[in-house]
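Open the model in your viewer and keep the sequence panel beside it. The tour begins at one residue and then moves out to the whole chain.

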Amino acid sequence: MISIQLTERQKEIIEIVKKNEPITSREIAEYLGLTRAALRPDLSILTMATILDAKPRVGYYFVQEPDKIDKLEKLLEVKVKDLQSHPVVVQENSSVYNAIVTLFLEDIGTLFVNDQNGYLIGVVSRKDLLKITIGDSDIHQLPVSVVMSRMPNIIVTQPEEPFYIAARKLVDYKIDALPVIQEEQISGKTLLKVIGRFSKTNLANAIVSHLLEM
Ligand code: ADP
């Protein structure tokens, strides 16, 4: 990550350019009572940091607030683990009725389904449960595994994944939540342990707390 520590003179240059853009280096030098040569290192730092830009024969103009760049870089470093919430998991033989009760009790929209050994085998959403409930099935008897979406078609994320990659998955696959998983290698197979939940709600919280403060 680039850390931008501006000198007082560089900050002054930014202010001059903001007020007078487009402005030539000769004019900036005049404002500051300096020679153009003395100014050159500062101008090249400010253009390299994309705070200022220069158009040939036109002059310098202002592009971006340095602290905005810093904030943007910090935002891009936010990981799934910084936003995830605790996962709500049901067992595969748990009934559809029990799954619906769990949705209400936990106030969420997506449940993750584990096998007997505690590894992820599926995901069940509000509408999966609604669909089976409006049919003739006995939801007290029917196991949730019958209505869930199942592995290997489950879209997952990991704690270290940048949040915007996980957000992209929510959008691309038109789903509300991703299980945050940890892979385990068991007798040559990769099994997934659910350790968190990353949902559209987590994303909305991130927008409010990180983006709107920029
Ligand atoms: P709803 O269907 O309640 O609006 P979603 O949009 O999240 O909720 O789910 C749409 C469909 O995608 C459902 O059938 C659900 O089982 C499935 N689904 C939800 N999350 C995932 C996931 N992470 N991976 C794969 N399939 C999923």
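In the loop between which strand and which helix does Ser 95 lie? Select Ser 95: its loop runs between strand E3 (89-91) and helix H6 (96-106). Helices (H or I, at least four residues) and strands (E, at least two) are DSSP runs numbered from the N terminus.

This is a predicted model, in which local features need pLDDT of at least 70 and side-chain atom pairs count only at pLDDT 80 or more, while totals for chains, interfaces and linings use all residues. Residues are numbered from 1 along each chain as its sequence is written, and side-chain values use heavy atoms, with hydrogens and water left out.

Beyond its neighbours within four places in sequence, Ser 95 is in contact (heavy atoms within 4.5 Å) with Ile 139, His 140, Leu 142, Pro 143 and Val 144.

Next, colour by domain. Domain 1 covers 8-72 and domain 2 covers 81-207; the bounds come from an automatic or database domain assignment. Their centres, taken over C-alpha atoms, are separated by 51 Å.

Finally, select the whole protein chain. The chain holds nine helices and eight strands. Its C-alpha trace spans about 85 × 40 × 25 Å along the principal axes. Buried residues make up 40% of its 214 residues.

Definitions and conventions. Buried < 20%, exposed > 50% of the residue type's maximum accessible area, 1.4 Å probe, protein only.
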